[in-house]
Amino acid sequence: QVQLVESGGGLVQTGGSLRLSCAASGTISSINAMYWYRQAPGKQRELVAVITSGGSTNYAASVKGRFTISRDSAKNTVFLQMNSLKPEDTAVYYCNLDVVSSRWSRGNYWGQGTQVTVSS
């Protein structure tokens with residue numbers, strides 16, 4: 001079994017910064033892609049950023065140049081540095097990890113979500 005714990009959300013003013021963390025624990029052999037999603041009230045969950053096991057990254061157009069995804073594979077942790085925050089970035093942010101537990105076991109896991117609120 002694998003557990004994800006997110007941290008780092010909060011309330012910030014427009015133009016401010018936050019850094020989200022998502023740490024995985026449990027039966028983990030390796031982690032492939034790591035993702036951050038977000039869901040604003042009344043909207044569908046959307047992909048914000050992804051980082052592969054090799055370190056390649058990709059971002060939603062709305063956050064490119066402002067957000068940076070990174071990972072510490074030794075600590076099974078993914079980060080999302082969010083700069084120049086805007087009110088439209090307000091959402092619950094979720095991490096999502098593609099975890100390999102053994103040769104025969106692989107799963108996709110979600111964090112519990114962390115609220116990010118950007119005031120105007």
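Visitor: In S8, which residue is the bridge partner of Ser 21?

Guide: Happy to start there; do keep in mind that this is a predicted model, where local features need pLDDT of at least 70, side-chain atom pairs count only at pLDDT 80 or more, and totals for chains, interfaces and linings use all residues. Residues are numbered from 1 along each chain as its sequence is written, and side-chain values use heavy atoms, with hydrogens and water left out. Strands are DSSP runs of E with at least two residues, helices are runs of H or I with at least four, and both are numbered from the N terminus; two strands pair if DSSP finds at least two bridges between them. S3 and S8 pair in the antiparallel sense over 6 bridges, and the S8 partner of Ser 21 is Phe 79.

Visitor: What is the strand order of the open sheet of 4 strands?

Guide: The pairing in this sheet is antiparallel. Its edge strands, each pairing on one side only, are S1 (2-7) and S7 (67-72). Reading across, the order is S1-S3-S8-S7.

Visitor: By how many degrees are neighbouring strands of this sheet turned against each other on average?

Guide: The angle is taken between axes, which are lines fitted to C-alpha atoms (for helices over the stretch in contact), and angles run from 0 to 180 degrees between N-to-C directions. With direction ignored, the average for neighbouring strands here is 15 degrees.

Visitor: Which residue does a disulfide join to Cys 22?

Guide: A disulfide is a pair of cysteine sulfur atoms within 2.5 Å, and the count by that rule is 1. The S to S distance is 2.0 Å, and the link is right-handed, with 55 degrees about the S-S bond. Distant parts of the chain are tied together, since Cys 22 belongs to strand S3 (residues 18-26) and its partner, 73 residues apart, to strand S9 (residues 91-102). The partner of Cys 22 is Cys 95.

Visitor: Is Cys 22 buried or exposed?

Guide: Buried means under 20% relative accessible area, exposed means over 50%, and partly exposed lies in between (1.4 Å probe, protein chains only). The relative accessibility of Cys 22 is 0%, and Cys 95 also has a relative accessible area of 0% and is buried. Because its value is 0%, Cys 22 counts as buried.

Visitor: Which residue has its backbone oxygen 2.8 Å from a polar atom of the Thr 77 side chain?

Guide: Thr 77 lies in strand S8 (residues 77-82), and with a relative accessible area of 9% Thr 77 is buried. Leaving out residues up to four places away in sequence, Thr 77 touches Cys 22, Ala 23, Met 34, Ser 70, Arg 71 and Asp 72, where contact means heavy atoms within 4.5 Å. The backbone oxygen 2.8 Å from the Thr 77 side chain belongs to Lys 75.

Visitor: How many of the 12 residues of S9 are buried?

Guide: S9 pairs in the antiparallel sense with strand S4 (residues 30-39) over 8 bridges, and 3 bridges join S9 to strand S11 (residues 114-119), again antiparallel. Val 92 stands opposite Gln 39 and also opposite Gln 115 in S11. S9 is mostly covered, and the number of buried residues is 10.

Visitor: In S10, which residue is the bridge partner of Asn 96?

Guide: A hairpin joins S9 to S10 through 2 residues. The antiparallel link between S9 and strand S10 (residues 105-110) has 6 bridges. Within S10, the partner of Asn 96 is Trp 110.

Visitor: Where is Gly 9 found?

Guide: At 33% relative accessibility, Gly 9 counts as partly exposed. Apart from neighbours within four places in sequence, its contacts are Leu 18, Leu 20, Thr 114, Gln 115 and Val 116. Gly 9 is found in the loop between S1 and strand S2 (10-13).

Visitor: To finish, what radius of gyration does the protein have?

Guide: The protein has 0 helices and 11 strands, and buried residues make up 45% of its 120 residues. The radius is taken over C-alpha atoms, and the globule rule is 2.2 Å times the number of residues to the power 0.38. For 120 residues a compact globule would come near 14 Å, so the protein agrees with its own value of 14 Å.

Methods. A polar contact is a pair of N or O atoms within 3.5 Å; within protein, one must be able to donate a hydrogen and the other to accept it, and residues adjacent in sequence count only if both atoms are side-chain atoms.
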